[in-house]
Amino acid sequence: MTDEEDGVQGFLLPDKRPELVRRSLGSGERHRWVTSLRAELIKEIIEQIRAPGLLGAAVLGPRGSCKTTLAINIGQRLAETHHVVRLHATEAQNSEPFSYFALQVAMLPDYAEEPSEKVVHALVDVITRNAGGDPTLIIVDGLPVIDMWSTAVLMRLLLGGSTKILVVAENLVDMPEDLKWLLKDRRLAQHRLGLLSRAECSDLLEQVLEAPVSGTAVAILLRICAGNLLVLQALVNDYMQQKVLRQHDGIWMLSEPLELGPQSTLGDLVESWVAPESQEVRRALEMVALLQEVSLSMATMMFGADLLALMEEEGFLTFLPQRREVISFVDPYMALGIRSNLSKGTKAARLAELTANVTIDPRSMSSRAVLALAEWLEAAGLPNEPELLFLAGQAALEHFEPEKALAYCALMPHDHALSRTVPQVRSRAYLLLGDFARALEILQEHEAATVQELEAGSFAVWTADMAKALMWLPDGYSRVTGLLNRAAAKIELLAPGGCEAAEAYLKLARYENEVHHGNVSRVSSELEKGRDQGVHSEYALNCASLLTMVLATTGHESEAVQLSRDIPAKAERQQITLSMADWRIRARIFALGWSGQWKECEAELEGIERASQGSTLLYGSNIELMRGIIYLQAGQSSLAVPILRKSLAQLEVWNFWHSRALAYSALALACAEVDEPGQSKKYLAMAHAEEAETDWFGRSLAECFQLQTQAMAKDPRALPAIVQRAEMDLEIGRYTTAAGFAFAAVVQGGSAEHYELLERASQKCQGPLASSRTLLAKARRIHSPQLALEAANMAHQLGLPALELLSSQEALAMAQGRTKEHLQLARNARQRVNVLLPNHSDSKHRPASSLTPRETQVAQFAVQGKSNRQIAEELEVSVRTVEGHLYQVFAKLNIISRAELERGILREPAWIIR
């Protein structure tokens with residue numbers, strides 16, 4: 001067995017029935033995964049093996065890329081026409097002559113102990129005779145070690161003319177020189193199996209699980225497996241065995257973090273990989289797995305420089321990016337798998353070895369290491385010291401693991417000095433869990449006993465925590481104002497001479513309350529002053545973080561993008577953890593989206609997803625929700641619908657930031673735009689029924705989506721309400737959202753008054769989207785088809801098909817029936833409209849609704865004129881994958897060329913861009 005086949009016992013997959021059934025993760029299941037992922041590559045390699053000008057192919061790839069399974073799959077497909085011989089030698093055999101041909105050697109009646117050319121000829125004759133006249137395919141696995149006599153037999157067979165070869169190896173250097181020369185002479189085709197990309201991982205999971213998979217689940221699985229296909233299989237098995245990965249409304253989603261126990265599939269797989277290592281190496285790997293990350297100085301004391309260098313050379317350990325003094329595993333799944341295999345007694349023994357040689361100070365350790373140390377002690381059945389419990393609780397919050405924080409707080413002794421701050425840790429945990437009433441209640445329960453012992457700064461922090469919880473409650477706004485006024489009076493008593501830090505905390509709490517409720521103009525100037533105040537750097541950067549949202553909402557989108565880019569670097573240089581960091585992140589997403597830069601916005605979300613690490617489960621549903629809203633606002637509702645549905649499935653478990661109402665609203669509009677009125681009506685009703693309090697920004701977006709959905713359903717009250725909201729936001733300086741409502745009025749109404757409103761609002765905003773909308777509105781006002789076409793060009797460059805279509809239709813309407821000089825403008829406008837909204841009357845082709853979401857996405861890029869390679873880079877897939885999708889598009893639409901697609905054969909719903 002190879003390292004890809006060893007140590008895996010079974011795999012869970014959905015049957016056609018609702019319940020889960022267990023399937024073997026033997027050759028059949030591996031072949032199914034590999035075929036789903038590598039179908040095009042398998043076909044290409046088979047063609048190369050059959051090609052008369054080639055001697056075969058070499059497949060190179062890292063451990064766990066399932067290259068062995070790929071080779072076996074190819075061998076099985078060629079077995080009807082070829083005599084297939086699979087060669088593999090164990091480490092014990094590979095030093096012997098003809099080790100790869102041990103089975104064939106056994107067939108030689110007069111085999112002598114000494115290898116010779118005569119034996120080479122005899123082995124070639126045996127294989128040729130067994131082929132019975134069929135061509136032979138030799139599959140060589142188990143490199144790098146292959147003896148010279150086995151290589152001689154291989155070369156003799158290949159040069160004989162009726163034999164082809166398929167070589168499997170991790171790296172090119174593992175291959176014998178003779179085969180390397182065949183590669184250099186281009187007699188062998190070469191293929192490299194890379195790690196799974198996010199798009200490949202998502203597509204593969206949806207194929208093998210036979211249903212959509214939430215982006216949160218994809219992100220977590222991909223992060224842990226590090227793109228390794230075999231590890232991904234093992235993880236899915238373990239997640240499903242523990243019912244952590246389960247279906248909700250037909251979508252696979254995660255219900256809680258994975259905690260592996262003994263006899264896990266991943267544990268067995270990792271054990272098969274570390275089994276050959278020495279006891280010294282294995283013991284060291286176990287300690288690193290239990291700590292998760294170790295400083296270089298501690299690692300050197302624990303293991304010694306030589307052993308540390310050996311583990312790095314063998315690819316187990318590496319320095320963390322941006323933290324060159326900290327060591328961890330190269331692949332996250334190694335630590336998870338190793339920990340799952342350790343018994344309680346072994347964990348206790350490793351801890352005793354560690355503490356015997358190294359002094360552990362949790363205060364000097366990273367937050368991840370502190371959390372790991374507390375988990376290690378708990379798993380070993382040993383008590384945690386109060387200080388470690390407290391630090392672990394704080395670390396759990398930092399890594400978005402609120403339930404762990406609550407568990408460590410519950411273990412804190414009530415009489416310990418640190419216990420007075422435990423209520424704040426518990427409250428913050430409930431804030432992350434979205435239970436804002438409970439977060440406030442905890443602080444109120446302990447206020448009388450605790451607050452009197454706090455100095456001014458700590459009291460201000462306590463008050464700010466109460467304010468943060470109150471903001472999310474229905475009557476929170478006025479209550480926060482009263483709370484902060486009372487706190488300011490008390491701080492004057494606690495610190496008669498003034499306390500700068502305490503005053504800063506209270507100011508930030510007041511600013512956040514105003515921003516949370518959309519009163520951005522009230523605090524704009526104060527936040528600008530705070531940003532420019534360098535006396536208290538933490539205060540200045542937190543003010544800047546809140547200011548980004550103010551700028552994004554008041555028509556300064558470009559300034560918001562720039563400011564949000566500058567803040568993280570300054571905070572990192574000054575080693576400041578910002579309490580208002582979430583506002584900066586959300587403001588950046590909003591500012592990019594509201595200014596029409598949806599592709600940059602999508603890339604930003606991918607970066608947040610990668611950086612979120614263990615917080616993905618908590619944060620992931622909102623990342624996916626924002627991704628769906630981006631597509632919706634970019635006018636790509638057919639792509640938004642499946643993403644929003646996946647997000648909603650995850651939000652049913654983790655309603656982070658009370659975002660469920662926004663998800664319902666976005667889905668209602670997206671479904672209306674793709675002509676699913678029943679689904680649209682259902683989600684609209686669910687949005688109206690959702691009562692959870694949320695911030696003004698989510699509420700404003702939700703209202704905009706709901707009103708547009710109602711307008712599309714011919715509700716006469718919707719359009720006046722849209723106009724009223726636009727006018728109200730204009731009056732109080734929320735120009736960005738005013739422009740969004742105004743454009744919705746143009747789309748749903750389209751009167752001269754609506755265009756005038758759009759021009760007024762858009763002129764107050766920054767960015768390319770505002771410029772194109774302003775140009776369109778001006779074109780309508782002065783009746784200029786040329787300006788309308790310029791607006792269409794700008795929209796096309798932004799990748800906003802709905803705005804491009806609307807601008808082109810306006811240009812066509814204005815140019816038709818006018819003077820001869822407008823004839824060419826009318827032709828240009830008609831050509832654009834035909835591309836974006838093809839002629840329905842004489843088309844015999846099936847509508848694009850028969851396309852899958854990925855086929856639709858590829859087709860849309862093709863319509864925009866992107867090459868296959870550009871599309872592949874956008875989607876992070878191979879060019880062959882893009883070509884395959886386009887082939888399916890052509891077949892479904894009954895067309896024969898990309899040119900026909902670009903001329904407007906592809907039929908899409910009327911996209912709406914906000």
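Strand 5 (residues 136-140) and strand 6 (residues 163-169) run parallel and are joined by five bridges. Within this pairing, Ile138 has Ile165 of strand 6 as its bridge partner. Keep in mind as you look around that this is a predicted model.

**The sheet around these strands**
- Five strands form an open sheet in the order 4-5-6-3-7, and their pairing is parallel.
- Strand 4 (83-87) and strand 7 (188-192) are the edge strands, each pairing on one side only.
- On average, neighbouring strands of this sheet are turned by 15° against each other, direction ignored.

**Helices on the sheet**
- Helix 4 (residues 117-131) packs on the sheet, where it touches strand 4 and strand 5. The direction of helix 4 makes about 140° with that of strand 4.
- Helix 5 (residues 148-159) lies across strand 4, strand 5 and strand 6. Relative to strand 6, helix 5 runs at about 140°.

**Helix 7 and what follows**
- Helix 7 (residues 198-208) has Ala199, Cys201, Ser202, Leu204, Leu205 and Val208 as its buried residues.
- Just after helix 7 comes Glu210, with a positive phi of about 60°.

**A closer look at Thr554**
- You will find Thr554 in the loop between helix 25 (537-553) and helix 26 (557-573).
- Thr554 counts as buried because its relative accessibility is 11%, and buried means under 20%.
- A polar atom of the Thr554 side chain lies 2.8 Å from the backbone oxygen of Val550.
- Leaving aside residues up to four places away in sequence, Thr554 touches Val520, Gly733, Tyr735, Thr736 and Lys764.

Methods: Residues numbered from 1 in each chain as written. Predicted model: local features only at pLDDT ≥ 70, side-chain atom pairs only at ≥ 80, totals over all residues. Heavy atoms only, no water. Pairing = 2+ DSSP bridges. Helix = DSSP H or I, 4+ residues; strand = E, 2+ residues; numbered from the N terminus. Axes fitted to C-alpha atoms, helices over the stretch in contact; angles between N-to-C directions. Contact = heavy atoms within 4.5 Å. Buried < 20%, exposed > 50% of the residue type's maximum accessible area, 1.4 Å probe, protein only. Polar contact = N/O pair within 3.5 Å; in protein donor to acceptor, adjacent residues only side chain to side chain.
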